[in-house]
Amino acid sequence: MKAITTTLMLLLLVGCASGPRIDTSYGSIGHDSRAQFIVLHYTSTDLPRSLELLSGREVSSHYLIGESPATIYRLVDENRRAWHAGESEWNGRTWLNATSIGIELVNRGYVESADGRRLWYPYSDAQIDALVVLLKDIMARHDLKPGAIVGHSDIAPQRKVDPGPLFPWKRLADEGLVPWPEAGAVSVAQMRYASEGLPAIAWFQAALAAQGYRVPRHGHLDDETRNVIAAFQMRYRPARFDGEPDAETAAMLQVLANQAQR
């Protein structure tokens, strides 16, 4: 009897050690990818330091792309959460680490000149070519739409400026990866706003919120609103991102809104 009891206890222990028995013969079609966004960053330093920082405990990203050669490093599995976005918001979703894939590009960002101007570092063609291939692969596997790709400056415009004004968003648009306002429609709308006057600040705030930005909705042009306008301009009009609401910015917002409704 003692031997039987011992055998039963051993069998129970083996069962506990192997975990629960789960029937996987059924599967639901009601699901989608954990990853809803792809967030682009620059590292502000060189490759060795970037690898050192992103391999540690404080900050991480799913991918890192070098400059020359443009090697793609996978640092975190896409099914795991990487720590790259921090306090962030896009389309009403907050703290985007949980719902995004982070891609860091090796780029020093900028240096300040003697007169206080920011001098930005360009991206290499090979680096952007590698990024485009990676983005297309990720988007296909996770069934993401073009609006899913954002910059760190888009999701955290009060504290971040990466990937910066020299990042070629238009190249990504030409590849079908991000929406882009049609130039002819922008010209027509810009002339109309220039002649008839700009919309109220509340209009700009609502239009930016519709694009996905977290922006105040009080109708005043405060510093927080300027930072969001500047983030939008840096993406769509990098030649001037002063945060000032103007006819061209209004036109781009209007055209993007119209295109989204088609």
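Two strands are treated as paired if DSSP finds at least two bridges between them. The legends below describe close-up views of a predicted model.

**View 1. Strands E1 and E6 run parallel in the sheet.** Strand E1 (residues 37-42) is joined to E6 by six bridges. Within this pairing, Val39 has Gly102 of E6 as its bridge partner.

**View 2. Strand E2 pairs with strand E6 in the parallel sense.** Three bridges link E2 (residues 63-65) to E6 (residues 100-105). Tyr63 is placed opposite Ile103 of E6, and Ile65 has Leu105 of E6 as its bridge partner. The backbone oxygen of Ile65 also lies 3.1 Å from a polar atom of the Gln127 side chain. Gln127 belongs to helix H3. With a relative accessible area of 0%, Gln127 is buried.

**View 3. Strand E6 is covered on both faces.** On one side, Ser100, Gly102 and Glu104 are buried; on the other, Ile101, Ile103 and Leu105 are buried as well. In a regular strand, side chains alternate between the two faces of the sheet. Because six of the six residues of E6 are buried, this strand is largely enclosed by the rest of the structure.

**View 4. An open sheet is formed by five strands with mixed pairing.** The strand order is E3-E2-E6-E1-E9. From one strand to the next, the twist averages 25°.

**View 5. Val111, Leu119 and Tyr121 make up a nonpolar patch on the surface.** Together, these residues have about 220 Å² of accessible area. Tyr121 is located in the loop between strand E8 (118-120) and helix H3 (125-142). The relative accessibility of Tyr121 is 32%, so this residue counts as partly exposed, a class that lies between the limits of 20% and 50%.

**View 6. A polar contact connects the side chains of Asp174 and Lys170.** The distance of this contact is 2.6 Å. Asp174 is part of helix H5, which covers residues 169-174. Asp174 counts as exposed because its relative accessibility is 55%, and the exposed class requires a value over 50%.

Key:
Residues are numbered from 1 along each chain as its sequence is written. This is a predicted model: local features need pLDDT of at least 70, side-chain atom pairs count only at pLDDT 80 or more; totals for chains, interfaces and linings use all residues. Side-chain values use heavy atoms; hydrogens and water are left out. Helices (H or I, at least four residues) and strands (E, at least two) are DSSP runs, numbered from the N terminus. Buried means under 20% relative accessible area, exposed over 50%, partly exposed in between (1.4 Å probe, protein chains only). A polar contact is a pair of N or O atoms within 3.5 Å; within protein, one must be able to donate a hydrogen and the other to accept it, and residues adjacent in sequence count only if both atoms are side-chain atoms. Patches are made of residues with over 30% relative accessible area and no salt bridge: like charges are joined within 9 Å, nonpolar side chains (Val, Leu, Ile, Met, Phe, Trp, Tyr) within 5 Å. Accessible areas come from the Shrake-Rupley method with a 1.4 Å probe; for residues, only the protein chains shown count as cover. A salt bridge is a side-chain nitrogen of Lys or Arg within 4 Å of a carboxyl oxygen of Asp or Glu. Axes are lines fitted to C-alpha atoms, for helices over the stretch in contact, and angles run from 0 to 180 degrees between N-to-C directions.
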